[in-house]
Amino acid sequence: KLPKKVVIKEVGPRDGLQNEKVQIETSDKVSFINLLSDTGLSYIEVTSFVHPKWIPQLSDAFEVMQQIKRQQDVTYAALIPNMQGLERALQVGIDEANVFMSASESHNKNNINKTIVDTYPVLNEVVRHAKQQQLTVRGYVSTVLGCPYEGDVSPQQVLDVVHRLFDMGVDEISLGDTIGVGVPNEVERLLEVLLKSYKPHQFAMHFHDTRGTAIANIIKSMEMGITIFDSAVGGLGGCPYAKGASGNVATEDVLYTLNKMGITTNVSLERLLQAAQYIEHKINRTVNSKQMAILRGE
Ligand code: HMG
Ligand code: MG
């Protein structure tokens, strides 16, 4: 029933750092990403080409992308909100363009300053241009299990956005529990609806672990056929435009669980913990993962 192999998509350098208060030096971000490139990960979301005033921490997107050592078997992706972001990204080169929007109107408005309907043409143009440049495109749908402003979000609301993004030609959709409110039976209910129209391999799950439900939700997703999961080293992360959005599920905690369950990821837990230790030192606070707490002797 469970998959033999899953793909971990590391979002620590982007989702992880975007919410950190201490401004991290560009060269430290580069070293952090280079450490991640040596763990066996096949996918790293490096940064985002959003408006620098909206996310000051990632205003060095161009320099970071330019300075990292790229490995051939790693996909280096970046978050892209609009054509201006795509143009900045294309100047330095990315492997995959990640567009994003929300299933709920008020989070969409707070996060990207547009209504859902007005967002579609913006993303459509980005997807079209990215495809012309032979990039693959990932689409994020946020607030799929709940919105910080509106509360419940129905599977139908998510399905509507998913339809539109796949119609534009995105290659994969990552479903975000932005504020970490979901529980396994809600994951099941959502995926049951989406999998009537689409195949499991078209989706990734992106769980924030605000309430400690992320690993349970990952297991439920695997039972439903999903084999791609987003996580952030050190459990870093959160969206500054979603109150209560704390860290992503920690990559090292996901790895511990999958390893012991006999599910292959090709990622070295030992090396990943080295990257976690490195960034913990730079952000000047202890990170939120069980594996790191154990390592610190707590
Ligand atoms: P806006 O102010 O509506 O943009 O922001 P605009 O198109 O009206 O342009 C205003 C000014 O911004 C113009 O400059 C543009 O040139 C400039 P001016 O003419 O006034 O001098 N501008 C830009 N500059 C640089 N790069 C750009 C860019 N775009 C416009 N790309 C916008 C709209 C989308 C840009 C803004 O709202 C924004 O950047 N939002 C990003 C917020 C964000 O990054 N949130 C976190 C990521 S999402 C997330 O974390 C969720 C996820 O993890 C999944 C989950 O957990 O659910 C993915
Ligand atoms: Mg996120």
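How do the residues of the shell around ligand 1 divide into nonpolar, polar and charged?

**Entry 1, ligand 1.** I counted eleven nonpolar, 13 polar and two charged residues in that shell. I took Ala, Val, Leu, Ile, Met, Phe, Trp, Tyr, Cys and Pro as nonpolar, Asp, Glu, Lys and Arg as charged, and the others, Gly among them, as polar. This is a predicted model, where local features need pLDDT of at least 70 and side-chain atom pairs pLDDT 80 or more, while totals for chains, interfaces and linings use all residues. Residues are numbered from 1 along each chain as its sequence is written, with chains lettered from A and ligands numbered from 1 in the order in which they are written.

I found 26 residues surrounding ligand 1 (C-beta atom, placed from the backbone, within 6 Å of the molecule). Val50, His51, Gly85, Ser142 and Gly176 are the closest. Helix H4 gives the most, three residues. Helices and strands are DSSP runs, numbered from the N terminus (H or I, at least four residues; E, at least two).

I looked next at H6, residues 116–132. Its buried residues are Thr119, Leu123, Val126, Val127 and Ala130. I used 20 or more other C-beta atoms within 10 Å of a residue's own for buried, 12 or fewer for exposed, with C-beta atoms placed from the backbone. After H6 comes Gln134, with a positive phi near 65°.

Methods
The expected span of a helix is 1.5 Å times one less than its number of residues.
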